[in-house]
Amino acid sequence: MYRRPQLVNAEQEQRRFRFRLRFAGAVAGLLFTVLLGRFVWLQLFQYDRYHALAENNRITLTPSPPARGTIYDRGGQVLAHNYAALTLEITPDRAGRLEETIDRLAELVEIDAMDRKRFRKLLSESKDFESIPIRVRLTDEEAARFAVNRYRFPGVEVKARLFRQYPMGDAFAHVVGYIGRINIKDEARLESEGRKANYRGTDHIGKSGVEESYEPLLHGRTGLAKVETDSGGRAVRVLSQTPSVAGNGLHLHLDARLQQIAADVFGPYRGALVALDPKNGGVLALVSKPGFDPNLFIDGIDVANWRALNDSPDRPLINRALRGIYPPGSTIKPFMALAGLELGYRRPGDSIADPGYFSLPGSSHRYRDWKKEGHGIVDLKKSVVVSCDTYYYRLAHEMGIQKMGEYLSRFGFGARTGIDLEGELAGLMPSPEWKKRRFNQPWWPGETVIAGIGQGYTLSTPLQLAVATMALANGGALYQPQLVRAWRDPVSGQVVHAQPKLLGRIDIRPEHLQLVRQSMVEVMLPGGTAAAAGAGAEYLFAGKTGTAQVKSIRQGERYDERRIAAHHRDHALFIAFAPADDPRIALAVMVENGGSGSGTAAPIARKVIDYWLLGKVPEALREGAADEGGEEEAHGAPAADERPGPVAARAPAGGTQPRGGSPNASAAPAPPAARPGGTRP
């Protein structure tokens with residue numbers, strides 16, 4: 001069919017076209033305006049932000065951990081230092097499948113089961129973006145072998161790190177301490193103290209001993225480098241660098257050779273020894289036996305070694321010098337004698353008749369002396385020299401527990417000494433209020449009686465005994481014991497000396513102090529309880545023996561060491577200072593299950609003092625020193641400017657460990673009944 005063509009309105013079509021054109025132009029203009037506005041916004045207002053992001057893609061901030069400060073003894077002997085070694089490390093979030101990566105790495109370098117265990121442990125404690133060592137101390141050959149194959153292992157690299165080493169071994173473990181890897185708890189503490197930024201790139205921190213107490217001085221200051229990287233993350237050049245600053249070197253009062261000798265003369269026994277300088281409180285030796293190898297803990301101790309240490313019945317991880325709490329036994333008697341004189345309960349010439357026991361008024365119970373037949377007529381001096389229990393039973397009863405406790409507390413009993421090590425226990429100076437609070441029981445008169453000979457609830461640490469003995473030696477000055485003598489700034493070389501800290505001065509009448517000190521001198525002479533240990537000494541030697549009861553025995557029974565299991569035998573104690581007329585060393589010795597103080601602890605003290613004052617090495621150790629080719633001179637007695645000068649020629653002539661056997665107990669246990677036979681000297 002034929003259709004007639006329609007006429008088009010050209011003017012109308014032109015108007016439509018112009019409208020569409022304007023609309024499209026407006027939309028395009030609007031879009032261009034938005035794009036331009038966004039461009040202006042990014043270039044003018046967001047420039048700094050995106051410039052920083054771009055720079056971060058190009059520039060890496062690399063921390064430079066500082067070298068940890070070296071620890072020296074008083075003569076310059078190195079006790080803790082650093083050495084460099086190569087490690088193979090994996091960054092988990094860049095390495096892909098970890099187990100597969102480790103298996104492939106094991107084809108190039110030796111990776112044993114212990115390496116894998118340590119890696120998994122560290123992985124659980126670390127963040128994915130932190131590099132974790134899979135092998136430490138690579139050989140040059142292993143490092144070269146990996147370098148050739150590095151392209152096959154994204155997220156794996158060889159790093160040069162400083163490692164800590166403790167060359168002196170287990171005898172110094174409890175005093176020098178050790179470092180370990182930083183864990184979540186450490187991070188939280190650093191964050192709260194505002195020190196976390198200074199630990200960027202640092203994996204280790206002090207965990208015990210001096211390493212822990214002086215962490216801020218030893219750590220140093222972390223450096224920072226701006227490194228330009230390529231698209232593959234490889235370093236191109238260093239743009240700027242702030243160098244790290246090494247930690248301070250610490251110099252201790254401790255004498256390394258004295259410490260080693262003190263540890264060696266313990267032989268197979270467990271125990272502790274603390275030796276102090278009476279003139280300033282410096283710690284000359286601090287031994288806890290047995291010890292452990294601190295090097296095991298640096299990169300994380302393996303399960304087998306941890307179980308061996310933690311499950312050992314000898315409990316080597318406990319610092320017995322600070323955390324071992326034991327009744328002081330008869331070592332408390334010189335302090336009780338001073339209390340009797342100073343508080344007016346005794347005069348120098350007063351005497352008692354000792355029948356071999358003491359009974360409370362109205363009681364038939366006998367608190368027996370260690371000497372069954374008694375000591376006859378006993379004055380104050382003789383009470384110390386022969387360690388008469390009966391004398392102190394009676395004195396304690398007359399004095400009462402309150403006055404006794406108040407006076408003994410002046411010497412530091414029942415309080416922390418404040419030594420510059422963490423973890424010290426306070427011991428216990430009991431009182432009726434304490435017992436009511438602890439056990440909801442009244443205080444009985446018999447408990448005061450046995451407290452007079454250092455038994456019952458009274459507990460002290462070897463460190464407390466050493467501090468109290470130091471106060472006797474120097475005339476009443478109670479110094480805070482200090483391990484660190486000085487520290488050296490690695491940049492300026494400036495040496496800062498730690499000043500002695502005088503905690504207080506005990507006011508003691510000179511004639512009373514002289515009487516007690518002379519009594520302790522006569523303990524070491526014929527007729528005294530430690531005469532055998534004092535025989536032949538080339539200096540005036542003041543001491544007091546003690547025995548700490550571990551297991552109670554019934555009334556009327558006698559203590560027979562041969563019939564008692566080794567771990568139930570008495571602890572042996574001894575306190576001493578020398579030379580008595582000008583003391584240069586004051587010490588306390590505690591030997592767990594060592595029997596009598598005169599037979600075990602006093603000979604240990606004698607050997608230690610002989611070395612410190614005379615430079616004498618015990619006979620049993622002399623052959624070993626000779627085999628080492630003169631190490632005696634390098635590590636031995638104090639340097640010429642530090643060793644005590646000539647000494648005057650010598651004038652002619654007990655308690656329990658806390659119940660359960662744990663020297664780590666922080667709360668005092670119920671006391672054992674006083675041994676019917678008293679405490680042996």
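**Aromatic rings in a predicted chain**

Buried residues (under 20% relative accessible area, with exposed over 50% and partly exposed in between, for a 1.4 Å probe and protein chains only) make up 51% of the 681 residues in the chain. The model is predicted, so local features need pLDDT of at least 70 and side-chain atom pairs pLDDT 80 or more, while totals for chains, interfaces and linings use all residues. Residues are numbered from 1 along each chain as its sequence is written, and side-chain values use heavy atoms, without hydrogens or water.

Q: How many aromatic pairs does a search of the whole structure find?
A: Rings of Phe, Tyr and Trp (its six-membered ring) pair if their centres lie within 6.5 Å, with planes under 30 degrees apart counted as stacked, over 60 as edge-to-face and the rest as tilted. With that criterion, the number of aromatic pairs found in the whole structure is 16.

Q: Is the pair of Phe 146 and Phe 153 stacked or tilted?
A: Both residues of this pair, Phe 146 and Phe 153, are buried. Their ring centres are 6.0 Å apart and their planes stand at 35°, so the pair is tilted.

Q: What is the angle between the ring planes of Tyr 407 and Phe 411?
A: The two rings have their centres 5.9 Å apart. The pair counts as tilted because the angle between its planes is 55°.

Q: Which residues are linked by ring pairs into a cluster with Tyr 407 and Phe 411?
A: The pair of Tyr 407 and Phe 411, described above as tilted, is part of a cluster linked by ring pairs. Joined to Tyr 407 and Phe 411 in that cluster are Phe 335 and Phe 413.

Q: At what distance from the ring centre of Tyr 357 does Arg 366 lie?
A: A charge sits over a ring if NZ of Lys or CZ of Arg is within 6 Å of the ring centre and within 35 degrees of the ring normal. Arg 137 lies in this way over the face of Phe 163, at 4.6 Å from the ring centre. Arg 366 lies over the face of Tyr 357, and there the distance to the ring centre is 4.0 Å.

Q: Is Trp 41 buried or partly exposed?
A: The relative accessibility of Trp 41 is 39%. At that value, Trp 41 counts as partly exposed.
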